[in-house]
Amino acid sequence: MDERPISPALKILACAMFIFLLAPLIVVVPISFSGDSYMMFPPSSWSTKWYPAIFADGKMVSAFWTSLLLAFVVTVLSLLIGLPAAYALVRLKPRGAEFLSSLFTAPLLLPTIVLGLAILIVFSGYGLLATFQGLVAAHLVVTLPYAIRVLSTALATLPIPVEEAAATLGASPLTVFRRVTLPMMRSGIVGTTALCFLVSFDEVVLSLFMTGPRISTLPVAMYHRVEQQADPLVAALSVLLVVLTLVVVLVVDRTSGLAKTFVK
Amino acid sequence: MTSRTDAPEGFLSIRSLTKRYGDFVAVDNLDLEVPKGELVAFLGPSGCGKTTSLRMIAGLVPATSGRIVVGGGDLTEVATHRRDMGLVFQSYALFPHMSVARNVAFGLEMRKVDKGEIAKRVKEAIALVHLTGKEEHRPAQLSGGQQQRVALARALVIRPSILLLDEPLSNLDAKLRDEMRNEIRDIQKRLGITAIFVTHDQVEALTMCDKVVVMNQGRLEQLGTPVELYETPKTAFVASFVGRSNRLTAVARNGAAEFAGQRIAAPAGLEGPVQVMIRPHRLGLSPASPAAADPARQQVTGTVARAIFAGDILQYDVDVGGQIVSVELATRGGESVIEPGRPVTLSWRPQDIFIYGAAA
Amino acid sequence: MSAVAPAAAMPAPLPAAERSSGLPLVVLLLLPIALVNAFGFLAPVFNLLRMSFYESQATGAMVEVYTFATWASVLRDSFYAELILNSILVSLGITLMTLVCSYPIALYLHRSSGTWRTILLVLVISPLLTSAVVRTYGWVAILSENGLVNNALGAIGIAPLKLMFNKTGVVIGLTEILMPYMILALLAGFGRLDPRVEEAASTLGAPPWKVFRHIVVPLTMPGIALGSLLCFVLAVSSFITPKLLGGGRVFLLATEIYDQAIVTLNWPLAATLSILVLVIFGGALVLYTRALRAIM
């Protein structure tokens with residue numbers, strides 16, 4: 001809609017608000033190169049010492065690996081569980097498919113603080129607190145709704161005649177799914193992968209309830225660090241995380257278009 | 001209607017095929033025998049059940065009842081991928097993520113044909129549809145007509161027992177459509193393949209096919225050669241759907257149809273309101289003069305309501321007792337246009353008029 | 001046709017799309033997600049409801065005795081009444097701020113096009129994909145005693161402002177955190193905004209601000225309502241930002257739930273407060289549906 005010229009007042013206002021929106025992300029970059037031992041802005045001196053400091057911090061490093069492995073496992077499981085479920089809901093249309101769809105995406109409606117507490121109470125009974133398996137299960141509760149949504153949309157928009165054509169050419173239902181349906185869903189699968197990975201990797205509230213001294217994720221470790229001492233180490237770490245996010249976003253954008261994946 | 005007892009057993013044999021969706025009957029008790037090597041059209045308006053019938057033959061829609069037999073084997077309960085039929089879709093349904101060659105090779109790969117053989121047959125099939133050189137293109141890089149050819153090659157390369165074509169030409173522009181019509185017919189004849197061609201376009205059905213099945217509201221209206229359908233339509237629906245017809249109403253009594261006070265012979269057994277059909281270009285028109293009546297022709301009189309000179313033809317709308325009859329005369333040069341308001345005589349050969357009970 | 005006859009003898013399933021007796025396959029495909037849903041969502045939520053009626057003791061131990069004691073203490077105690085009221089008021093303030101800050105961006109995005117629009121959209125979505133911890137940390141850098149704002153004020157000789165460890169900090173931080181949600185919701189609701197209607201108003205003699213007030217705002221009301229609901233709900237339940245920017249000095253429902261659950265280990269109380277959050281959600285939803293009916 002470029003028919004209506006944008007007034008200068010709106011341009012200035014929007015620009016100011018964009019600065020406000022991006023300020024906290026922009027500001028961490030200079031701080032990450034601070035030479036001070038505590039956080040102040042602008043820094044009184046500059047250095048790159050905080051980047052190596054991250055890798056010297058055992059807690060952060062182990063939390064990073066936990067988060068990475070966690071996000072990987074959660075993403076793989078989300079696809080393995082979400083894909084058959086989406087297929088069943090969209091293609092086999094069992095009775096009550098719509099109700100089941102809303103039930104499976106309902107965890108997104110619950111505030112994570114409530115969901116976190118609810119899961120904490122139940123999981124504590126099974127000894128799942130502060131375990132990797134417990135974290136995986138808790139993260140799946142919030143990543144699966146995203147997976148179901150994106151994959152269902154991807155499946156629902158596929159042209160069915162193409163699958164029928166494969167069947168007439170002699171492909172069994174399983175072969176049709178493997179050779180035709182799955183490749184055609186590529187952008188939906190890439191979107192789901194990116195979304196589940198980022199949601200799991202950035203998830204902090206559920207993780208706060210599920211972690212303990214024995215196991216921690218990166219966002220939780222960062223949270224505790226900021227709570228105790230807001231030093232430039234977290235800024236350096238933040239810059240690395242923003243770069244990681246950017247890489248994921250670019251990959252998704254290349255393969256399927258970011259706007260398509262996150263905004264309808 | 002064809003009945004199973006007097007028709008010869010065909011290569012494809014459809015027996016009492018029915019499809020119901022709840023109360024809606026999409027295909028009603030269809031019986032059909034298709035001899036080997038024939039191209040048969042399923043012709044009808046949208047919603048007549050022609051596509052549903054085709055999809056049941058392909059196994060994409062399960063039949064509610066009835067049998068589908070090919071070469072003596074009952075396929076009714078056989079899954080699509082084991083039916084060995086080639087289907088060309090209206091939307092082409094090419095695999096967007098595969099090259100032209102991979103699209104064509106797909107069916108052969110499913111049949112576990114060995115690699116060398118696949119390469120050879122894919123090459124032949126692509127040459128058959130004149131796409132040599134486009135093997136590595138993706139479907140999205142091809143024009144509509146080219147995509148259509150890939151779809152055809154993909155369906156033919158598996159040497160299917162039956163080739164099914166679902167409105168394959170409806171997404172092409174007029175010029176390409178004429179071209180593909182001839183090409184599909186040539187290939188089908190050359191390969192001697194049994195084929196079913198679903199279309200709503202009577203020109204396609206008449207020009208391409210050995211036989212035409214006219215369908216309406218799930219039922220088979222008439223099966224016949226294009227000439228039979230055109231010259232001896234068995235129902236009012238066929239008469240109006242195949243070719244163009246004037247459709248008039250009359251009242252039948254004692255073996256004659258009464259028509260604004262004028263009588264014409266009608267088939268015995270018809271009583272009450274009837275429909276009278278006659279094709280505009282099978283009518284003769286002359287200034288009214290009872291003396292010139294040709295005993296071999298039937299005739300009525302009317303008044304010219306409108307006269308249009310359209311180059312190739314001279315078109316008259318003639319008012320016959322309040323009903324408008326359209327007449328088309330091929331121009332030969334030198335004729336004078338009869339002015340509106342003038343009385344005229346319409347005449348025709350008895351075999352050109354069709355009279356049906358009004359219920360049809 | 002020998003290829004056909006043997007195939008005909010083989011029993012084969014009907015195509016999946018039309019299978020009517022396909023229940024076992026459907027069940028098989030849906031079983032994993034149903035298990036996750038039951039174990040990680042339904043059971044915990046029902047358990048939470050039940051937990052709010054348990055008795056908790058000073059030692060932190062729970063007794064499986066059903067009682068209204070927790071509910072009674074929460075509803076009677078003026079501390080909790082204030083906590084709830086405080087949470088609602090702060091969340092409303094944040095929602096209003098978010099709306100004011102997001103509207104210009106959404107309107108600008110709605111009127112821009114092409115690559116420029118895509119780039120701006122990515123800029124709007126990117127913060128959503130960045131951890132709330134990182135963004136809150138950024139606000140610490142801007143708002144703290146040694147932060148950007150106070151150092152800038154100091155440079156021109158103005159006494160430092162207290163921008164952190166109070167409600168101001170929480171409101172500023174959460175406003176920014178929630179803006180992307182509001183912008184996306186507004187954009188979704190801007191569909192009815194036809195430039196021609198605005199042009200029509202202009203040709204009829206309306207000055208720009210009157211066009212905005214009488215045409216643009218009413219037409220974008222559905223988006224405003226949706227975005228406000230979303231932001232209010234997220235503000236009430238947000239926890240990371242209030243905790244870090246409030247520094248334990250701003251008491252809100254969400255932070256209290258966490259403290260009761262993790263620090264005090266009074267799960268019945270935490271459960272009761274959680275259900276209060278859900279009740280507030282329900283109230284917001286009812287107001288939203290009413291507002292929507294009034295607008296449409």
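How many residues of chain C are in contact with chain A? In this predicted model, 85 residues of chain C are in contact with 83 residues of chain A, contact being heavy atoms within 4.5 Å. Local features require pLDDT of at least 70 and side-chain atom pairs pLDDT 80 or more, while totals for chains, interfaces and linings use all residues. Residues are numbered from 1 along each chain, chains are lettered from A, and side-chain values use heavy atoms.

The two chains bury about 7,600 Å² between them, 82% of it on carbon and sulfur atoms; buried area is the accessible area (1.4 Å probe) lost on being put together, summed over both parts. In chain C, the residues losing the most area to chain A are C:Ile33, C:Leu129 and C:Tyr137, together 10% of what that side buries. Helix H2 (residues 23-51) of chain C supplies the largest share of that side, 19 residues; helices are DSSP runs (H or I, at least four residues) numbered from the N terminus. The side of chain C that touches chain A comprises 61 nonpolar, 17 polar and seven charged residues.

Within chain A, helix H5 (residues 112-125) packs against helix H6 (residues 132-156) at an angle of about 145°, with axes 11 Å apart. Axes are lines fitted to C-alpha atoms over the stretch in contact, and angles run from 0 to 180 degrees between N-to-C directions. From H5(A), A:Leu115, A:Ile119 and A:Phe123 meet residues of H6(A) including A:Gly134, A:Ala137 and A:Val141. This contact of H5(A) with H6(A) involves seven nonpolar residues, one polar and no charged, with Ala, Val, Leu, Ile, Met, Phe, Trp, Tyr, Cys and Pro counted as nonpolar, Asp, Glu, Lys and Arg as charged, and the others, Gly among them, as polar.

Terms used: Helices (H or I, at least four residues) and strands (E, at least two) are DSSP runs, numbered from the N terminus.
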